[in-house]
Structures are given as C-alpha cells and as structure tokens.
Amino acid sequence: MIAKYKTLLPAYLAGLVNGKYSLAQAAASTGYSKTWLCLMKKKYLKYGYSILDHKNRGRIPHNKTPAALKNKIVALYATPAYQNINFKYFAECLRNYEKINISYSTLRNIMHEFKIISPEAHRVKKPQPAHRPRVRRDNFGDLLQIDGTPFQWFQRFGDNKRYCMQGAIDDATGKITGLYITEYECLYGYLEILRQTINSYGCPREIYSDRAAIFCVTPKKKKDLTAWEELAGIHDKRTQWQRILSDLSIRQILAWSPEAKGRVERMWLTLQKRLPTELYIAGCDTVEKANIFLQKYIKNFNDQFGCDPMKPETFFLPCSENLDVVLSAQIPRKADGRGCISFHSYKFAVEAPRVACRNLILHISERGIFARFPGDNKFYNVRLLDDHIFYGLGETMPQVVADIIYRYMYAYAKEVSA
C-alpha cells in the first residue's frame, strides 16, 4: 500500500481530474475505495499534490528524548556505580536514584544508538540437560531453601575479595527471609539467617539444603561418635546444624543437585547482578555495614520479586526456645581445678562462680563465645588465657572460630589496654 501511495496515487488523481481514468479503474489499481478517491480528488483540485505530504513533516515529536538527556544517561552508565549492569536494572536505578523516568524500550534504543551492548545480550549458552521443574509449595513457611555463595560483593569499591553470602528463600512465595555475609561459608552465617527468619516469621516446617559438611555427616563417619556423645546415648553422629534443627522441630531435606533447590540458585543470580550496585550507592564497603543494609534491602527485594502463596495459611510456627542458647555451636567441656577449659589446644577461663571441676557447655556463634552450665540458660564470659599473637590462632582450629576469638577476645582486649 505504501508503494502504491507514493507512485500510483498522484498519477491516478491527475487522471481522474483529466477524465483519463474512471473511479472504478483508479480504485482497482490503487486499492483505495471510490469514496476516498472522490474526497482526494476534491482536495487535489484545491491544494494540488501537497495533500499527499504528511502534516507532521518537519515537526519534532513531543516525546522525543533530548540529546542532553541521552548524553547524561550514557555518561551515568560509564560511572563505577552502574558500569556493566543490564539495561533492565539500569532503568530501575535511573528511576530510583537519578530521578530519570524512562522506559526500558527507550533506554535500550538510546544504548543501541551509542553502540553500547548489554552484558547479557545474545549470550550463547551451552545446551543444558532438561530438568523437571519442581512445583512451588502451597503455603508460606512450608519449605525454606538455604544456600551460600562466594562473590565479589564489594568489587565496585576496588575490593576483589570473595565474601560468602548465606541466604534463605521461601519456596511458596519466593521471598527472602534472611541474608548474612561472612568472610567464609560457615555454620555461624547460617545460624544468623535462621535467627532472622525466626525473629521475623517463626520456625519453618522444612529446610532444603545441599550436602555440605555443615549440614550433614558423610555415611562413613556417621557412627564415629565421641566419648561424650556415647555417654549421652546418641546413636548417629550429627552436625551442629542437624542438632539445632532437631531442637527447633524443623525437618531437614538434603538435595542431590543444585537444580533441586533452583529457587535459591536463581536468587543468587539476581543478587549478584544487583547487590554490588546497591551496596556501592549506599556506601557499604565493609561486611558489617553490608549486613546492616541487607535488612532493609530484603524488604525491597520481596516487594519486587515476591508473590502470593497458593493458600493463605502460614506454616511458620512461633518459637518458644531461647535462640541465644539454641542458635550456637555447643561443645561440652569439663572445667579443671582452676576453672579453665581447653578448646583446640588453647586454654580459656570461665568467669563463673564455683566453676572448678564442673561440666560446662561452650557456646560459639557470630555474637561471641560464652559458657553455661547444663540446665541453666545464664551465660558467662570466657577469657582467652594463652598469650599468643593472633597468627598463632587458627593453626589447630577452624579459621572462622579463630576469627570469632580474635574479634571478641583479642581485639577487644587491645582496645581496653589502649
């Protein structure tokens, strides 16, 4: 129709005026109706061929993006805050932080005009084996998927070290219930996300995780019980995590593949693309600042990506346990005649009355190291006796435990002495 409009219509309009063609002939050749051709013939007699010109020719569209705004958007994309993020998220950042309200399609056209390609554009992916999708649970709190991922969360500050973020996501709604960053993947990070979940919602019915050593004991070592475990009547060896879930009446499910817990794996993909930018804009360049910021970010994430459950009833149950007691690694010890205990070849003094030769339980968590007597929920401070500099710690104990000792004992003692 466009080709006929540009080439045939002027000739047939002139032919209609000169009597060369009839209306039927002009309609059959151009594809226009006789009524429309009659109207065009009258206009042609009055205005000539100018009736074929578009009335908006030469006018600037009112919705055209100004060149200054285009240059500003491209300059912002080159800054450290937004560099190499996908265009969809960049459009959200422009709206939320730069007060530039622009649609995704318009932004994509601007980037194409400046020959800027999205980091996710047409990436060729290797064919993956098909996996049967797992249907969401119906109720909020029926199942939590938990996992940890090391990533360069502070890369925009120039810190390329990989810190581990541990997180939990509800299977029914896709809402995050807890996020926490630690230097290494460890039990204490998972205990903190469990604490966040229980404080905000309650205890879930089931938790889905992989088969890392934090979550389960290998079959070969399942019967390797310590002396105190045999005395306590324990038949199978359990990790601290399994003991905690048992105390909270939470059922554990262990996955055989990453695809089995795809909800949390997909969450990491989203967070790795967005969170470094959010941390940079908020000025969170340390783990401590980031963990504070994450509590606010969780709500924003859930508002944007969460969905309603199939059924309104929640499966989260209120917790009556003392979380400071339950959510910690618990190691039974017996004090010597001086009221001291040994842990990983180091001596600790328990600051409690009448502690000599008594059984104790040593509690270790991200909140510090404390001791209590069995059957008593009162905590007592623990003091490191060995006069070692920090690099000596960790030779016989896990690095994360050494870091906790340094944070709450060695570093604090230096502050007091100063």
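Cys-164 counts as buried at 3% relative accessibility, where buried means under 20% relative accessible area, exposed over 50% and partly exposed in between (1.4 Å probe, protein chains only). The model is predicted, so local features need pLDDT of at least 70 and side-chain atom pairs count only at pLDDT 80 or more, while totals for chains, interfaces and linings use all residues. Residues are numbered from 1 along each chain as its sequence is written, and side-chain values use heavy atoms, with hydrogens and water left out.

The structure holds 0 disulfides, a disulfide being a pair of cysteine sulfur atoms within 2.5 Å. Cys-164 takes part in none, and the nearest cysteine sulfur, that of Cys-186, lies 7.6 Å away. Cys-216 is likewise buried, with a relative accessible area of 12%.

An open sheet of 5 strands is arranged in the order E3-E2-E1-E4-E5 with mixed pairing. Strands (E, at least two residues) and helices (H or I, at least four) are DSSP runs numbered from the N terminus, and two strands pair if DSSP finds at least two bridges between them. Strand E3 (176-182) and strand E5 (251-254) stand at the edges with a single partner strand each, so one side of each has no neighbour in the sheet. On average, neighbouring strands of this sheet are turned by 20° against each other, direction ignored; axes are lines fitted to C-alpha atoms, for helices over the stretch in contact, and angles run from 0 to 180 degrees between N-to-C directions. Strand E4 (residues 206-209) runs parallel to E5 and is joined to it by 4 bridges. Ser-209 has Leu-254 of E5 as its bridge partner.

The largest nonpolar core has 49 residues, of which Tyr-188, Leu-194, Trp-241, Leu-248, Leu-362 and Ile-364 touch the most other members. Such a core is a set of buried Ala, Val, Leu, Ile, Met, Phe, Trp, Tyr and Cys residues joined through side-chain atoms within 4.5 Å. Helix H7 (residues 187-200) gives the most to this core, with 7 residues. A second, separate core of 23 residues includes Met-267, Leu-275, Ala-290 and Phe-293. Not counting residues up to four places away in sequence, the contacts of Trp-241 include Ile-146, Leu-194, Phe-215 and Gln-252.

Ile-198 is found in helix H7 and is buried, with a relative accessible area of 8%. Leaving aside neighbours within four places in sequence, Ile-198 is in contact with Cys-203, Leu-248, Cys-319 and Leu-323. The C-alpha atoms of Ile-198 and Leu-323 are separated by 8.9 Å, although these residues are 125 residues apart along the chain.

Thr-239 is found in the loop between helix H8 (227-231) and helix H9 (240-247) and counts as buried at 11% relative accessibility. Its side chain reaches the backbone oxygen of Ile-214 at 3.2 Å. Residues touched by Thr-239, not counting those up to four places away in sequence, are Ala-213, Ile-214, Phe-215, Cys-216 and Val-217.

Strand E7 (residues 340-343) and strand E8 (residues 346-350) pair in the antiparallel sense over 4 bridges. Cys-340 has Ala-349 of E8 as its bridge partner. The hairpin of E7 and E8 has 2 residues between the strands, and in this hairpin His-344 takes a positive phi near 55°.

Note on methods:
Contact = heavy atoms within 4.5 Å. Polar contact = N/O pair within 3.5 Å; in protein donor to acceptor, adjacent residues only side chain to side chain.
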